[in-house]
Amino acid sequence: MFTIDVHLDLSMNALEWNRDLTLPVSSINAREVGLTDKPDRAKAVVSLPELRKGKIGLVVATQIARFVAPGNTLPGWHSPAQAWAQTQGQLAWYKAMEEAGEMVQINDLAGLEKHLALWAADTPDTEKPIGYILSLEGADSIVTIGHLEKAYQNGLRAVGPAHYGPGRYAQGTDATGYMGPKGHELLKEMERLNIILDATHLCDDSFWEALDHFNGYVWASHNNCRTLVNHNRQFSDDQIKALIERGAVIGGALDAWMMVPNWVRGKSTPQGTNCSLDVMIDHIDHICQLAGNTLHVGIGSDLDGAFGKEQCPYDLETIADLQKIPALFKARGYSDIDVENLMSGNWLRFLRKAW
């Protein structure tokens, strides 16, 4: 079944992890045997061939670069200009993939419909490019508000104002506090350019402030439910209801610590915590129960977000195994239409309305 995944850090994996994503996952992992600089070495689950194998023909692909002020112990860049330069290197990788015929940027409705027709055609999926919509995870790299329009001209269509910790425009996961005037200015310019607000990673204070000050389209690319995993990274039921009221779609994430409670990084295992793909369905089902329908759920796996097999469902070998999800969803009593909503329909309806 044609599938959309709205959160993949492809360029980060390609550049910072030094992975050739045009290769099969098995080849990527074979080259990393013995490396220990990253926790997921030789445990990758994402590559472009695996996306095609899983019929994941459209993704929302990120740029990401954090600015860290003195005293901030998170990894990141020491000036916004350096962060901007990092995102431009990531953009250059996406452009290189386009030139190679591996990917194609989707940035308007005509391009979306053309790409969907291509993937509906009878030609082998192995010959089809992966469509990508460009998103920015954390807005620290937007040096000035004027840089946002430059990014838009390069295809940027969604922005999450914060990532982890304190940000220049909003406060993120594990931080507290509000967006303030600078954040409001960012939201106003996003609204003018019709850039989607990604509510993912916003701390509670900044989340509610963003919804109060932004009148454009809102989604949450990769978020699970705080009721099931009690951490500020997840959304509370009140936040989920507010997003539903705004017509948002929420992408279920497949990072184990967001799926099961009491995960201890470096110690817990997917098998030991019984973290399977079915746990993702628990989170998806919870959102559906709050909404009273299946119109606000999708997939935003985050599967290449600095973790691999050591921290994703034990029954997922590669991202192609997203095709196991329809059967799991139907086993809960959901219909074929509900499955289509989850796998691609809701994201497509959202984009067609926004664009």
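**Buried residues, cavities and pockets in a predicted model**

In helix 6 (residues 145-153), Ile 145, His 147, Leu 148 and Ala 151 are buried. These residues span an arc of only 140° around the axis, which puts them on the same side of helix 6. The arc is taken from the directions that run from the helix axis to the C-beta atoms. Buried means under 20% relative accessible area, exposed means over 50%, and partly exposed lies in between (1.4 Å probe, protein chains only). Helices (H or I, at least four residues) and strands (E, at least two) are DSSP runs, numbered from the N terminus. The model is predicted: local features need pLDDT of at least 70, side-chain atom pairs count only at pLDDT 80 or more, and totals for chains, interfaces and linings use all residues. Residues are numbered from 1 along each chain as its sequence is written, and side-chain values use heavy atoms, with hydrogens and water left out.

The cover over the buried residues of helix 6 includes helix 4, strand 5 (156-160) and helix 7 (180-193). Contact here means heavy atoms within 4.5 Å. Just after helix 6, Gly 155 adopts a positive phi of about 110°.

Two further buried residues were examined. Arg 52 sits in helix 3 (residues 48-53). Arg 52 counts as buried because its relative accessibility is 8%. Its side chain reaches the backbone oxygen of Lys 128 at 2.6 Å. Beyond its neighbours within four places in sequence, Arg 52 is in contact with residues including Glu 102, Trp 119, Asp 125 and Ile 130.

Trp 219 belongs to strand 7 (residues 218-219). With a relative accessible area of 1%, Trp 219 is buried. Leaving aside neighbours within four places in sequence, its contacts include Val 60, Ala 158, Trp 347 and Phe 350. Lys 324 is 105 residues from Trp 219 along the chain, and their C-alpha atoms are separated by 24 Å.

Empty space was examined next. Rolling a probe the size of a water molecule over the atoms shows where such space is left. On a 1 Å grid over the protein atoms alone, a cavity is a set of points where a 1.4 Å probe fits but cannot get out; a pocket is an open set with protein on both sides within 12 Å along at least five of seven lines; lining residues have an atom within 4 Å of a point. Grid points are joined across faces, edges and corners, and a volume is the space filled by probe spheres set on the points.

Four cavities of 30 Å³ or more were counted. The largest cavity holds about 70 Å³ of space. Its lining includes Gln 63, Trp 84, Leu 134 and Ala 151. Helix 4 (80-99) and strand 4 (130-137) are the elements that give two or more residues to this lining. Helix 4 gives the largest share, four residues. By class, the lining has six nonpolar, five polar and no charged residues. Ala, Val, Leu, Ile, Met, Phe, Trp, Tyr, Cys and Pro count as nonpolar, Asp, Glu, Lys and Arg as charged, and the others, Gly among them, as polar.

The second largest cavity holds about 60 Å³. Of its 13 lining residues, Arg 66, Gly 138, Asp 140, His 163 and Tyr 164 lie nearest its centre.

The largest pocket holds about 870 Å³. Its lining has 34 residues, and Met 12, Trp 17, His 163, Gly 305 and Ala 306 lie nearest its centre. The second largest pocket has a volume of about 210 Å³.

Terms used. A polar contact is a pair of N or O atoms within 3.5 Å; within protein, one must be able to donate a hydrogen and the other to accept it, and residues adjacent in sequence count only if both atoms are side-chain atoms.
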